Amino acid sequence: MTGYRHVWVLLARQWFLVRNNVVDNIINYMVIWPALFSGTSGYLVPRAFFPQNAVMKGTELIVGMVFLQFFVVSYFAVVELLSERDESRVLQYHVQATSYTATFISRLLFYTMYTYILVLPFLPMCKLFLGSYFFTDNAQWLMMPFVLFLVSLTVVSYVFCVFCTISTIRELEYAWAWGIEPVLWLSGMWAPSYVIAQSSLPGMNYFIRCNPFAYATESVRQLFFSDVQFASLPICCGVMCISAALCSLASYLLMKRQIQAV
Amino acid sequence: MESIHESLRVLGLLVQRELYVMRQSWRSIMFSALVFSVLLACASRYFLPLMGMSEECIIPLFLGSFIVSCLSIGYACCLEVAYDLRSPQLIRYYSTLPVPFGCIIGAQVLGIMIRIIVLAIPVLFCGLCIINMWMFLHISWFALLGMIVLAAVFNALFFLILAYQCSIPVLLGNVWPRFLSPLFAFGCALYPWRTVEAHSPFFAQVLLYNPMTYCVEGLRSACLGGSAFLPITRCMQVLFAVNCMLSVVLWFVSVNAVRPVRLKRSSL
């Protein structure tokens, strides 16, 4: 029972920290970015490069862009964790005052929810900006919140894991370059997974099958297209659950080791 | 004559200092830009053509998106300058040097320009090697050199203005989503200007108000030639005018940052 209370208190503390930035983040991630991505990936890029099939290709591109949103928002949210660990050492204080498990769960839960809430309106906003240029005839809007929550959990637990492998805040730049950027591009952020698998780059077919993040982008595309060329929703959700659990476990153990080392 | 010689000597020393700073941080900046460029080249060359994009579009798309690498390099320099300004108050020390203030600002502009050119050109070359479609390139070396210099000056001036004008939290938080992303997204980086003109002439006219459009289209024009992009001379003229304007803005912003009391008095 005390553990739950600790988690609640820590969650309240996290909210206290970010509440001053909420308006800024709403403007940035719920208004400006959907407008920018709608204008470019949803409208101008498909008209420039795929004039024959602009609406469908534009929808494929813009739906993948939600993945970039997840990574950017979670990256900037979880960065706080590094400064709490290395600079202010609040994390160590929280571990001592409560427990490591409560501290870890509260952070993971908070960043997942925070990322989820900021990214959830992205696709509806894009629909608002693009209108009929965004193909949503087959969209399963009711399933979207559930699938996006799983994507959020998978992405945040992975970002946690990446941040646990770097020892100082100075290595942040490297973390984005080697840990996040390749995952973004090779998991279907722009080109869908079936295209990457067909490419002449060696080993891409196997890589896509083994890459859990490819299933994350596939799940969102499946929501909008309901097409056999994308992986089915139950498979995608299953893979995301397993990969989120594995990444969470790995980051739990890695972070524990780092804090003990301190 | 003596004072000009002395100013040039100090300018040289200040640029040397900028290069020394670059040596400390070039690896991480270069690594990030290189990873982005390699992935972008792979996507442009191997993935998007399978979705139906024609082969002629591969290099224009890569060259346009390559500007993001320049932006991220410029942004990294901007953060370094901003930290220098706030934390050790380096600019106040600089302003006490026995040289004109313009010389100090000139050294900063030159330092960032050199960093952008030195770090971005290998990244560009590496991306073009991965794309491996040299037959499409019709490089006009003189125009390319001019465009690289003008684009680097634009980047340096723009990021220095941001460094002087914005606080660190703003630079870390809102600059990308509110300034750099729109500049990039509506700067023809992901699509050639002529294709926008074909679909939406009004929107194409709006894009012409973004200086990034001229950087990107100028680079494409210098590398690929032909009439599919904005003419190189027009791009260079506009960028030159924009750079002159930004120089004036930078002058006022930097003087304001260093001598706020003097400015306030004179305005009374």
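**Close-up views of a predicted two-chain model**

**View 1. Chain A is built from 12 helices and 0 strands.** Helices here are DSSP runs of H or I with at least four residues, strands are runs of E with at least two, and both are numbered from the N terminus. From the N terminus on, the order reads α-α-α-α-α-α-α-α-α-α-α-α. The radius of gyration of chain A is 19 Å, close to the 18 Å of the globule rule for 262 residues, so chain A is as compact as a globular protein of that length. The radius is taken over C-alpha atoms, and the rule is 2.2 Å times the number of residues to the power 0.38. Along the principal axes, the C-alpha atoms fill a box of roughly 60 × 40 × 35 Å. Of the 262 residues, 47% count as buried. Buried means 20 or more other C-beta atoms within 10 Å of the residue's own, exposed means 12 or fewer, and partly exposed lies in between, with C-beta atoms placed from the backbone.

The model is predicted: local features need pLDDT of at least 70, side-chain atom pairs count only at pLDDT 80 or more, and totals for chains, interfaces and linings use all residues. Residues are numbered from 1 along each chain as its sequence is written, while chains are lettered from A and ligands numbered from 1 in the order in which they are written.

**View 2. Helix 6 of chain A, residues 122–130, has buried residues.** They are A:Phe122, A:Leu123, A:Cys126, A:Lys127 and A:Leu130. Seen down the helix axis, these buried residues fall within an arc of 140 degrees, so they line one face of helix 6. The arc is that of the directions from the helix axis to the C-beta atoms. The buried residues pack against helix 2 (22–49), helix 3 (54–86), helix 5 (100–119) and helix 7 (144–165) of chain A. Just after helix 6, A:Gly131 takes a positive phi of about 60 degrees.

**View 3. Chain A meets chain B through 32 residues, in contact with 30 residues of chain B.** A contact requires C-beta atoms, placed from the backbone, within 7 Å. Helix 2, helix 8 (172–185) and helix 9 (193–198) of chain A each supply at least two residues of this side. Helix 2 gives the most, with 12 residues. By class, the side of chain A that touches chain B has 19 nonpolar, 8 polar and 5 charged residues. Ala, Val, Leu, Ile, Met, Phe, Trp, Tyr, Cys and Pro count as nonpolar, Asp, Glu, Lys and Arg as charged, and the others, Gly among them, as polar. The model scores ipTM 0.84 and pTM 0.88.

**View 4. B:Phe203 sits in helix 9 (residues 201–207) of chain B.** B:Phe203 has 14 C-beta neighbours inside 10 Å, so it counts as partly exposed. B:Phe203 and B:Ile232 are 29 residues apart in sequence and 21 Å apart in space, C-alpha to C-alpha.

**View 5. B:Ala156 is in contact with B:Val109, B:Ile112, B:Met113 and B:Ile116, leaving aside its neighbours within four places in sequence.** Of the 268 residues of chain B, 43% count as buried.

**View 6. Over residues 263–268 of chain B, pLDDT stays under 50.** pLDDT is the predictor's confidence in each residue, from 0 to 100. For this stretch the model has 2 contacts beyond four places in sequence. Where pLDDT is low, the predicted coordinates should not be read in detail. The mean pLDDT of chain B is 84, and 96% of its residues reach 70 or more.
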